[in-house]
Amino acid sequence: MAPTIFLLQLVIYILTSPIYLLNFLGLWSWICKRYFPYVLLKFNEVYSKVITSKKRELFSNMQEFAGPSGKLSLLEVGCGTGTNFKFYPPGSRVTCVDFNPNFERFLMDSIEKNQHLHFERFLVAAVENMHQVADGSVDVVVLTLVLCSVKNQERVLQEVCRVLRPGGAFYFIEHVAGEKSSWIYFWQQVLHPVWYLLCDGCNLNRESWKAVERASFSKLKLQHMQAPQIWGILSPHIYGYAVK
């Protein structure tokens with residue numbers, strides 16, 4: 001099957017050669033980081049319809065991890081356009097981190113629509129090094145569709161553990177690689193190189209559950225699912241939460 005994958009990748013490479021040329025010239029990253037928030041905004045209009053019920057179910061016990069004040073201190077990593085805000089408990093104190101500063105204007109729109117939250121700050125930082133966030137300072141960390149695009153999953157999860165207080169929780173929803181014998185995995189392999197360029201470093205074929213399982217959490221609830229009514233290559237998902 002490897003020769004077939006290579007041949008199809010070659011055809012796609014030829015069809016998308018202008019993008020590869022821009023990337024070779026060092027221009028594509030600059031362009032991508034500016035248009036990708038608009039793409040993600042449109043994608044979320046479709047994705048939210050598919051995943052809303054699962055997010056509501058997953059985040060339903062989030063308030064249980066609030067500190068003595070009763071107000072949840074929450075850090076969302078790779079916040080994007082802020083589509084998760086509506087699921088957070090009222091009064092939550094929210095800090096957001098993203099490595100793409102062009103999301104900020106979209107984030108502000110989401111904040112205006114979610115007045116039940118207390119927004120604290122937006123930090124532009126590589127999520128592998130969130131040094132602006134103090135050790136053990138938050139009750140909950142949320143990552144959704146982030147582990148697919150980070151450079152070092154293990155380092156990100158170490159940072160999650162560092163900023164969480166003891167007993168705090170890490171919530172996640174991620175698209176992942178399909179089963180290796182499936183057609184989904186086949187097309188993930190074929191499309192991965194161009195997808196990585198078009199979608200600002202997103203990897204179609206990561207087995208992110210392995211990194212989560214290796215992280216040093218005291219409790220982990222992780223489930224696999226096929227997201228309905230979504231492009232086949234993105235349908236394999238994991239979701240759940242872990243406790244420090």
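## Rings, core and salt bridges

User: How many aromatic pairs does a search of the whole structure find?
Analyst: This is a predicted model: local features need pLDDT of at least 70, side-chain atom pairs count only at pLDDT 80 or more, and totals for chains, interfaces and linings use all residues. Residues are numbered from 1 along each chain as its sequence is written, and side-chain values use heavy atoms, with hydrogens and water left out. Rings of Phe, Tyr and Trp (its six-membered ring) pair up if their centres lie within 6.5 Å; planes under 30 degrees apart count as stacked, over 60 as edge-to-face and the rest as tilted. By that rule, the search of the whole structure turns up 15.

User: What kind of pair do the rings of Phe 65 and Tyr 171 make?
Analyst: The centres of the Phe 65 and Tyr 171 rings sit 6.3 Å apart. Their planes meet at 80°, so this pair is edge-to-face.

User: How many residues apart in sequence are the parts that Phe 65 and Tyr 171 tie together?
Analyst: Helices (H or I, at least four residues) and strands (E, at least two) are DSSP runs, numbered from the N terminus. Phe 65 lies in the loop between helix H3 (28-58) and strand S1 (73-77), while Tyr 171 lies in strand S5 (residues 164-175). So the pair ties together parts of the chain whose separation in residues is 106.

User: Is Tyr 171 buried or exposed?
Analyst: Buried means under 20% relative accessible area, exposed over 50%, and partly exposed in between (1.4 Å probe, protein chains only). Tyr 171 has a relative accessible area of 0%, so it counts as buried.

User: What type of pair do the rings of Phe 170 and Phe 172 form?
Analyst: The ring centres of Phe 170 and Phe 172 are 5.3 Å apart. The angle between their planes is 35°, so the pair is tilted.

User: Which residues have the most contacts inside the largest nonpolar core?
Analyst: A nonpolar core is a set of buried Ala, Val, Leu, Ile, Met, Phe, Trp, Tyr and Cys residues joined through side-chain atoms within 4.5 Å. The largest one here has 42 residues, and those with the most contacts inside it are Met 62, Tyr 88, Val 140 and Tyr 171.

User: Which element gives the most to this core?
Analyst: The elements that supply two or more residues are H3, strand S2 (93-98), helix H4 (104-113), strand S4 (138-144), S5 and strand S7 (236-243). With seven residues, the one that gives the most is H3.

User: Which ring has the charged end of Arg 105 over it?
Analyst: A charge sits over a ring if NZ of Lys or CZ of Arg is within 6 Å of the ring centre and within 35 degrees of the ring normal. The charged end of Arg 105 is 5.1 Å from the centre of the ring it sits over, which belongs to Phe 106.

User: What is phi of Asp 200 near?
Analyst: Most residues other than glycine have a negative phi. Asp 200 sits in the loop between helix H6 (183-198) and helix H7 (208-214), and its relative accessible area of 13% makes it buried. Its phi is positive although it is a residue other than glycine, and the value is near 55°.

User: Where is Leu 145 found?
Analyst: Leu 145 is another non-glycine with a positive phi, about 55°. At 22% relative accessible area, Leu 145 is partly exposed. Its place is the loop between S4 and helix H5 (153-163).

User: In which helix do Glu 159 and Arg 155 both lie?
Analyst: Glu 159 forms a salt bridge with Arg 155, their closest N and O atoms being 3.5 Å apart. Glu 159 is buried, at 2% relative accessibility, while Arg 155 is partly exposed at 32%. The two are four residues apart, about one turn of the helix, and that helix is H5.

Conventions: Salt bridge = Lys/Arg side-chain N within 4 Å of Asp/Glu carboxyl O.
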